[in-house]
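Colleague: I'd like to learn how to read a few features of a model. Could you take me through them one at a time?

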Amino acid sequence: MDAAVVTVPLRDFQWDLGAIRAAVTVRTKLIWLCSPNNPTGTIISDDDLRALLDALPPTVTVVLDQAYQEFVDDPGAADGVALLREGRENVIVLRTFSKAYGLAGMRLGYALVDPAVGNMLDTIREPFNVNRLSIVAGPAALADEEWMRACVAKTAAGRRFLSERLSGLGFRVVPSHANFVLVDVREDAQDLWARLLRRGVIVRPAGGWGLPTFIRVTVGTQEQNERFLEAFGAESKALAARE
Ligand SMILES: Cc1ncc(COP(=O)(O)O)c(C=O)c1O
């Protein structure tokens with residue numbers, strides 16, 4: 001679409017909304033934010049987001065990707081739905097069934113928007129973009145709040161377990177509000193990824209995000225979390241150098 005994309009770096013793993021605001025010009029049409037963010041797991045605060053929205057011309061649309069929002073329990077976190085309820089017409093909230101609802105294979109997500117924006121999106125939406133099975137699964141998943149809450153609770157416990165264990169071993173773990181943790185493994189993460197893969201453990205090396213010594217570890221079952229820690233303990237060069 002020939003749009004010029006302007007990127008604003010994170011500051012200490014956090015969105016820098018002041019810098020984003022400073023980067024806005026008369027040509028700015030859309031700002032894309034993500035809270036909780038992937039791969040850091042960090043959140044944007046409600047106060048910071050409101051300050052940004054209040055400072056923007058109404059012609060600038062703000063997309064808030066909240067794919068991991070169900071995992072957030074911080075009352076100070078940005079809440080796109082609350083902003084829409086207040087009538088902020090220039091906010092688009094994106095959510096997915098792929099994370100806390102465990103339905104990634106359904107390929108189903110949704111946008112929450114002002115009705116006028118919805119009509120506009122409909123004009124460019126592809127026909128038959130959601131299949132019939134997903135149309136049944138989505139509302140059923142939303143109705144089963146108990147299952148989702150149990151998934152979130154187990155994930156939070158696993159996230160705490162992984163964070164505490166990795167921090168206890170002396171690694172920097174970015175405080176996460178999502179279903180993964182980002183950790184500085186203090187070695188080439190791509191290389192470590194390959195060694196862990198040979199042990200049947202898949203993590204995500206973060207070099208593509210400009211973090212060549214970090215891996216993102218998705219929270220699994222307790223058994224999977226322990227299996228990761230065991231493989232990591234056997235393969236980590238930083239740990240071996242300590243011994
Ligand atoms: C921040 C963020 N937004 C959106 C998505 C999209 O998820 P899906 O395409 O499975 O709905 C992901 C998936 O990893 C994500 O990390």
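Colleague: Where is Phe128 placed?

Modeller: Phe128 sits in the loop between helix H4 (115-124) and helix H5 (132-143). Helices here are DSSP runs of H or I with at least four residues, strands are runs of E with at least two, and both are numbered from the N terminus. This is a predicted model, where local features need pLDDT of at least 70, side-chain atom pairs count only at pLDDT 80 or more, and totals for chains, interfaces and linings use all residues. Residues are numbered from 1 along each chain as its sequence is written, and side-chain values use heavy atoms, with hydrogens and water left out.

Colleague: What is phi of Phe128 near?

Modeller: The general idea first: most residues other than glycine have a negative phi, and most peptide bonds are trans. Phe128 has a phi near 50 degrees, a positive value in a residue other than glycine. Asp12, in the segment before helix H1 (17-23), also has a positive phi, near 50 degrees.

Colleague: Is Phe128 buried or exposed?

Modeller: Buried means under 20% relative accessible area, exposed means over 50%, and partly exposed lies in between (1.4 Å probe, protein chains only). Phe128 is exposed, because its relative accessible area is 81%. Asp12 counts as exposed too, at 55%.

Colleague: And the peptide bonds: which residues does a cis bond join?

Modeller: Ser35 and Pro36 are joined by a cis peptide bond, with omega about -5 degrees. The bond from Asn38 to Pro39 is cis as well, and its omega is near 15 degrees. Pro36 belongs to the loop between strand E1 (30-34) and helix H2 (46-55), and Pro39 is also found in the loop between E1 and H2.

Colleague: How many disulfides does a search of the whole structure find?

Modeller: A disulfide is a covalent bond between the sulfur atoms of two cysteines. The cut-off used is a pair of cysteine sulfur atoms within 2.5 Å. The search of the whole structure finds 0. Take Cys34: the closest cysteine sulfur, in Cys151, is 18 Å away, so it is too far for a bond. Cys34 is buried, with a relative accessible area of 11%, and Cys151 is buried at 19%.

Colleague: Next, helix packing. At what angle do H7 and H8 pack?

Modeller: Two packed helices are described by the angle between their axes and the distance between the axes. Helix H7 (residues 189-198) and helix H8 (residues 222-235) pack at about 120 degrees, with axes 10 Å apart. That makes H7 oblique to H8. On this scale, angles under 35 degrees are roughly parallel, over 145 roughly antiparallel, 65 to 115 roughly perpendicular, and the rest oblique. Axes are lines fitted to C-alpha atoms, for helices over the stretch in contact, and angles run from 0 to 180 degrees between N-to-C directions.

Colleague: Which residues in H7 meet H8?

Modeller: Leu192, Arg195 and Leu196 in H7 meet Phe228, Ala231, Phe232 and Glu235 in H8. Contact means heavy atoms within 4.5 Å.

Colleague: Last one: what is Leu64 in contact with, leaving aside its neighbours within four places in sequence?

Modeller: Leu64 touches Leu33, Ser35, Leu49, Gly80, Ile92, Val93 and Leu94. Leu64 lies in strand E2 (residues 61-65) and counts as buried, at 0% relative accessibility.
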